[in-house]
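Subject: Handing over a structure, with notes

Dear colleague,

I am passing a structure on to you, and below it I have written out what was found in it. Please keep the structure open while you read, so that each point can be followed on the chain itself.

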Amino acid sequence: FEEERLGTRVQRCLESVCRRALDAGNNSAEDELVAACIRFLQSLTSSTWSQSPLGHKPTLQAVCEHIILPNLQLRHGDLDTFYESPSEWLTLDADGGDSGSRRSAVVELVRSIRRRSGEEGQQIYE
């Protein structure tokens, strides 16, 4: 019973968080907010639910298309850092040193989805 009541609230939060992340677009001033939204999604996927908020294929697919993929892309600032200082870029991005970035939050979200959803989650990425 409690999970049912909590589930509807969580679903509304999920929708609000996704909408806010989408509204931010690629605006670098919103990076911390978008990363926090993505970390919220990651916390949902890493929690144990009888029916995961991201457990429905259309929901998971929408998150992949509208949240994950756009936030994995390299942006101009990333390329500038890479060309100016490749070792710094590797430290910040590839090694996960920039834990507050959109891309690092997305990487953790993808890892969590892969752990929780197994084969179905993998099929969405293919």
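Among contacts in the chain (heavy atoms within 4.5 Å) between residues at least 6 apart in sequence, 71% join residues at least 24 apart.

Before going further, please note that this is a predicted model, in which local features need pLDDT of at least 70 and side-chain atom pairs count only at pLDDT 80 or more, while totals for chains, interfaces and linings use all residues. Residues are numbered from 1 along each chain as its sequence is written, and side-chain values use heavy atoms, with hydrogens and water left out.

The overall layout comes next. The chain has six helices and zero strands, where helices (H or I, at least four residues) and strands (E, at least two) are DSSP runs, numbered from the N terminus. Of its 126 residues, 30% count as buried, a word that stands for under 20% relative accessible area, with exposed meaning over 50% and partly exposed in between (1.4 Å probe, protein chains only).

Now to a pair of helices. Helix α2 covers residues 31–46, and α2 packs against helix α3 (residues 57–72) at an angle of about 130 degrees, with the two axes 12 Å apart. Here the axes are lines fitted to C-alpha atoms, for helices over the stretch in contact, and angles run from 0 to 180 degrees between N-to-C directions. The helices α2 and α3 are therefore oblique to each other, since angles under 35 degrees count as roughly parallel, over 145 as roughly antiparallel, 65 to 115 as roughly perpendicular and the rest as oblique. In this packing, V34, I38 and L41 of α2 meet V63, I67 and N71 of α3. The residues of this contact divide into five nonpolar, one polar and no charged, where Ala, Val, Leu, Ile, Met, Phe, Trp, Tyr, Cys and Pro count as nonpolar, Asp, Glu, Lys and Arg as charged, and the others, Gly among them, as polar.

Leaving out residues up to four places away in sequence, L109 touches I38, L41, Q42, T45, V63 and I68.

Two further residues of α2 deserve a look. Q42 lies in this helix and counts as buried because its relative accessibility is 19%; beyond residues up to four places away in sequence, Q42 touches E108, L109, S112 and R115. C37 is also found in α2 and is buried, with a relative accessible area of 8%. With residues up to four places away again not counted, C37 touches V17, R20 and A21, while C37 and I67, which are 30 residues apart in sequence, are 9.5 Å apart in space, C-alpha to C-alpha.

Which residues does R102 touch, not counting residues up to four places away in sequence? They are A24, G25, N26, N27, E30, D31, V34, A35, I38, N71 and R75. R102 lies in helix α6 and is buried, with a relative accessible area of 6%, and although R102 and I38 are 64 residues apart in sequence, they are 7.5 Å apart in space, C-alpha to C-alpha.

Finally, there are two glycines to find. G100 sits in the loop between α5 (86–94) and α6, is partly exposed at a relative accessible area of 36%, and is in contact with A35 and R39 once its neighbours within four places in sequence are left aside. The C-alpha atoms of G100 and D31 are separated by 8.3 Å, although these residues are 69 apart along the chain. G7, in helix α1, is partly exposed as well, with a relative accessible area of 26%, and its C-alpha atom is separated by 8.5 Å from that of S52, 45 residues apart along the chain.
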